[in-house]
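Colleague: I have the sequence and the model open. Can you walk me through what to look at?

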Amino acid sequence: MQRYNILWADDEIDLLKPHIIFLHSKGYDVTPVHSGADAIEKCNEDNFDIVFLDENMPGMSGLETLSHIKTTKPNVPVVMITKSEEEHIMEQAIGSKIADYLIKPLNPNQILLSVKKILDNKRLVSEKTNIGYQQDFRNISMAYNDRIGHNEWADIYKKLIYWELEIDSAENKSMKEILEMQKTEANKNFCKFIMENYESWLNDANAEKPMLSHQLMKKKVFPYLEKEEPVFFLLIDNLRYDQWKVIEPVITTYFKVEEESTYYSILPTTTSYARNSIFSGLLPADMEKKHPELWIHDDEEEGKNNFEDKFLEQQLIRNKITAKFSYNKITNTAQGKALAENASNLFNYKLNAIVYNFVDMLSHARTDMAMIRELAPDESAYRSITASWFQHSPLLDVLKKISEKKARLIITTDHGTVRVKRPFKIVGDKNTNTNLRYKQGKNLGFEDEDDVYVSRKPEKIFLPRRNVSTAYVFAIEDHFFAYPNNFNYYVNYYKDTFQHGGISLEEIIIPFISLTSK
């Protein structure tokens, strides 16, 4: 076991000999010094894993010594020890980024706990995490192998994400491969669950069903319009549940979470279908029927999401809501900065819909740009880039300004993404859409129908039918569609990219968060 080196500065260090002997018996080597000046000199000569500083030493005080040490060794953890419980001393020490703060008289276990918390934290957390997942592994497997409903599937997905994030942050990732295998198996069973139930959710009024995209505004957003404060509906395109969890700590600095839940995206899990469904409050076939002037088909060149504000306006009218609303779509940094500058004016509206497109752009950039692929080779790095972007984005500036006044903030998305690994051969004519996770067209050809979800009667799942022979085919699990005549190119170019449009836990079960200003 590794022995750690501790530097302990105290003008009464001789009286602390019993504590030093105790630490030595526990595997720690302690270098005692009598003053702050001696501590600084020792720090310059040797490397220490941790420094104990008495705050009230003659000559150079503990806080002054701390300042000098942090200048030359900014990463060494320092524990401040003092007889004083004065608040201003604590605040100065905390502001100087101390690792811990102990009050005299000390007892040996108090010191040992502090040392372990600082020096052995990562190892202990790793061990606890891996043991915890091993214990939960069987419970998760038993759950998804039973016949369960949509709520239980959401719980399983959240639990898998919880362990994924815990193992991701642990030093010892020995259980990572097992977790990935379990997630793959869970996804396989979840896809079967969707294929067995999706049609009945849309057609059977009595079916036990999750909340779907077209119900989101009416069920979860419009009720807040009856309250006093303005509502900010923030839709971050492509935001998976795990990505929400990595930006949550930043957001909860300014907002209080009142509800964290999930809902299910409709099929196809794409912007043009799922997001239009959110803003219109309609399923795609009904959008085409009721608003043919707003609905754009897959084979048309025009942008598929140019009328979200019109769809939202029609949904408000249909629900007899007269609230004044704004709609902002942000697709680049300049637009984000302009929205941040204009944030105070948004409080003039009862409902503010904000669509932020960064995460979607990130997934596409990762497909098209080798550098982004290198930066985000897997889910862990993909989450990390999302967190980094958010912390430095104009969106955070917008949220800070919203948090300064009394307001309701809702954060959600239209669908998630899945990292695709296995190609699936399919044949279509020149009018077949280009999405890698679903195909819509005539005479679609493929071999194994068990490995896809096929809808030859699109009206049964409320999808527009362009021709009598139009069918929809959805990729499941981590498959992606590739054409036989260009197969190797497709496989090499698209394998291990993040895609959406099909059926997977990551694409379908997505976050809905309701928050209020602190």
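**Salt bridges and surroundings**

Modeller: The side chains of Glu260 and Lys245 meet in a salt bridge, 3.0 Å from N to O. A salt bridge here is a side-chain nitrogen of Lys or Arg within 4 Å of a carboxyl oxygen of Asp or Glu. This is a predicted model: local features need pLDDT of at least 70, side-chain atom pairs count only at pLDDT 80 or more, and totals for chains, interfaces and linings use all residues. Residues are numbered from 1 along each chain as its sequence is written, and side-chain values use heavy atoms, with hydrogens and water left out.

Colleague: How many residues apart in sequence are the parts that Glu260 and Lys245 tie together?

Modeller: Glu260 lies in strand β7. Lys245 lies in helix α10, residues 241-251. Helices (H or I, at least four residues) and strands (E, at least two) are DSSP runs, numbered from the N terminus. The pair therefore ties together parts whose separation in sequence is 15 residues.

Colleague: Is Glu260 buried, exposed or partly exposed?

Modeller: Buried means under 20% relative accessible area, exposed over 50%, and partly exposed in between (1.4 Å probe, protein chains only). Glu260 has 26% relative accessibility, so Glu260 counts as partly exposed.

Colleague: Which residue forms a salt bridge with Glu308?

Modeller: Glu308 lies in helix α13, and its partner lies in strand β8. Glu308 is buried, with a relative accessible area of 0%. The N to O distance is 3.8 Å, and the partner is Lys329.

Colleague: What is the relative accessibility of Lys329?

Modeller: Lys329 sits in strand β8, 21 residues along the sequence from Glu308. Lys329 counts as partly exposed because its relative accessibility is 27%.

Colleague: Which residue does Arg419 pair with in a salt bridge?

Modeller: Arg419 lies in strand β11, residues 418-419. Arg419 is buried, at 12% relative accessible area. The closest N and O atoms are 3.3 Å apart, and the partner is Asp496.

Colleague: What is the phi of Asp496?

Modeller: Asp496 is in the loop between α19 (487-494) and β17 (498-499). At 28% relative accessibility, Asp496 counts as partly exposed. Asp496 is not a glycine, yet its phi is positive, at about 70°.

Colleague: Where is Lys320, and what is its phi?

Modeller: Lys320 is found in the loop between α13 (308-318) and β8 (325-330). Lys320 counts as exposed because its relative accessibility is 73%. Lys320 is not a glycine either, and its positive phi is about 55°.

Colleague: How many salt bridges does a search of the whole structure find?

Modeller: Side chains of opposite charge can pair when their charged atoms come close. One network of salt bridges links Glu164, Asp168, Lys183, Arg240, Asp242, Arg383 and Glu506. The search of the whole structure gives a total of 30.

**Buried residues and cis bonds**

Colleague: Which residues of α18 are buried?

Modeller: Helix α18 covers residues 394-403. Of its 10 residues, 7 are buried, so the helix is largely enclosed by the rest of the structure. The buried residues are Pro394, Leu395, Leu396, Val398, Leu399, Ile402 and Ser403.

Colleague: What does Ile140 touch, leaving out residues up to four places away in sequence?

Modeller: Ile140 is in helix α6, residues 121-145. Ile140 counts as buried because its relative accessibility is 3%. Contact means heavy atoms within 4.5 Å. On that basis Ile140 touches Tyr133, Ile156, Lys159, Leu160, Trp163 and Gln182.

Colleague: And what does His150 touch, with that sequence limit?

Modeller: His150 lies in helix α7, residues 150-169. His150 is buried, at 8% relative accessible area. Not counting residues up to four places away, the contacts are Phe193, Trp201, Glu208, Lys209, Pro210 and Tyr264.

Colleague: What is omega for the cis peptide bond between Lys104 and Pro105?

Modeller: Pro105 is in the loop between β5 (100-103) and α5 (108-119). The cis bond joins Lys104 to Pro105, with omega about 0°.

Colleague: Which residue is joined to Pro268 by a cis peptide bond?

Modeller: Pro268 is in the loop between β7 (255-264) and α11 (271-280). Omega is about -10°, and the residue joined to Pro268 is Leu267.
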